[in-house]
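Subject: Structure for you to look at

Hello,

Here is the structure I said I would pass on. Please open it and keep it beside this message while you read.

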Amino acid sequence: MEKRTFASIGKEISLLGLGCMRLPKKSADGDAIDYAAAQQIVDYAYAHGINYFDTAYMYHGGDSELFIGEALKKYPRESFYLASKFPVWMAETAADVEKIFNDQLKKCQVEYFDFYLCHSLGDANFKKIIEFGVYDFLKKMKAEGKIRRLGFSFHDKPAVLQTIVDTYQWDFAQIQLNYLDWELQDAKGQYEILHSAGIPVIVMEPVRGGYLANPGEAAEAKFKAAAPDASVASWAIRYAATLPGVMTVLSGMSNMAQIEDNVRTMTGFAPLSDAEQALVADVVENCLKKEIVPCTGCRYCMDCPFGVDIPKMFSLYNGYVMSKNGERFLQNYDKTAEEERLDKCQQCGACMDQCPQHIQIPDQLAAIGSVIDDLRRA
């Protein structure tokens, strides 16, 4: 397994990290983790040199930290690096900061976090970090040895990121970066700010919630023609890992096939060549012409008060955009439970508060509804 070392980190970190937001589940519609299947993934990761494990307070409905604490406890504590995150939006008072942090240590069955992040910082969440004195508390925890390295994950514009970088001292930062979002979400601008500041970068959503594993027939054909034995997803993983300053690339691996493929990609890692970069750029140009909804399926927007399964609606629609198969789109939509369909949306806007992609969700659902109406009339 490829590993990288940064002066500010001082440890060898595996270039592939295991993200614990999309672990195997007991059922497709729930958050409950299939512990046996997920343990198999963790054991395979550890055995093949992955030493960075990333969880968060609210992943899998709060079950992710409990699982990873149980899954890793059989391994020597100094042999892996555990990361978790503080969800500032879940704190109602400054006193909640310490309460949540201590709860996380207990759930993960550890005495310290190797990496700890202020979760999903943007303009609003960063203001709350300041208001509740979160950074000062976490610096205190670092001084006490309960946090070894302090950073943040980010979802907003580069200008906001620059403010965060300038306001406090950080050991690392985590951003959404993939070949589609390099321009679409200005991951390029975010990466350049961090790289210029000498802050190691952790990449999340390298495969964009699985979307870049199936980016459409035309894109897949180009990738397969260039590298018949490589998976389509491996191009996205290699794209992120090729960038200098990237410490680890997180992937939420939901089954054994995914982790086996990613481990192959990062074992004897080969950065993208100039010709391969040009091919990716060609694919991106075609992808960006598609009117996709920039949803990664993170489900931060859920639960909808009116029952709409927002990520499912966007996933079905994006599949239609890539394939232009209207009949299949309508068939899949009609198979969806009536209470989950987009026509239940009441335009309340509650879903937008926690959307990391800042999607205008009610407007997008209404637009998709119009597309469905047009297809039915055709």
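What follows is a short account of what was found in it.

This is a predicted model, in which local features need pLDDT of at least 70 and side-chain atom pairs count only at pLDDT 80 or more, while totals for chains, interfaces and linings use all residues. Residues are numbered from 1 along each chain as its sequence is written, and side-chain values use heavy atoms, with hydrogens and water left out.

Overall shape

The protein has 15 helices and 10 strands; these are DSSP runs numbered from the N terminus, with helices being H or I of at least four residues and strands being E of at least two. Its radius of gyration is 20 Å, close to the 21 Å from the globule rule for 378 residues, so the protein is as compact as a globular protein of that length. That radius is taken over C-alpha atoms, and the rule is 2.2 Å times the number of residues to the power 0.38. Along the principal axes, the C-alpha atoms fill a box of roughly 65 × 50 × 45 Å.

Of the contacts with a separation of 6 or more, 74% are between residues 24 or more positions apart; contact means heavy atoms within 4.5 Å.

What is inside

Buried residues make up 55% of the 378 residues. Here buried means under 20% relative accessible area, exposed means over 50%, and partly exposed is in between (1.4 Å probe, protein chains only).

In soluble globular proteins, nonpolar side chains tend to be buried together. The largest nonpolar core in this model has 117 residues, and those with the most contacts inside it are Phe53, Phe152 and Leu177. A nonpolar core is a set of buried Ala, Val, Leu, Ile, Met, Phe, Trp, Tyr and Cys residues joined through side-chain atoms within 4.5 Å. Leaving aside neighbours within four places in sequence, Phe53 is in contact with residues including Leu18, Val42, Ile68 and Phe80. Another core, of 12 residues, lies apart from the largest one, and Ile13, Phe115, Leu117 and Phe172 are among them.

Helix α10 (residues 232-242) is largely enclosed by the rest of the structure, because 11 of its 11 residues are buried. Among them are Trp235, Arg238 and Tyr239.

Ile50 is in the loop between α1 (35-47) and β4 (52-54). Ile50 is buried, with a relative accessible area of 1%. Not counting residues up to four places away in sequence, Ile50 touches Met1, Ser14, Leu16, Gly17, Leu18, Ala45, Ile259 and Val263.

Backbone details

Most residues other than glycine have a negative phi, and most peptide bonds are trans. Which residues here have a positive phi without being glycine? Gln109 is one of them, with phi near 60°, and Arg208 is another, with phi near 55°. Gln109 lies in the loop between α3 (95-108) and β6 (113-121) and is partly exposed, with a relative accessible area of 42%. Arg208 is in the loop between β9 (201-204) and α9 (217-226), but it is buried, at 1%.

A cis peptide bond joins Met302 and Asp303, with omega about 5°. Asp303 is in the loop between α12 (274-289) and α13 (310-323).

Regards
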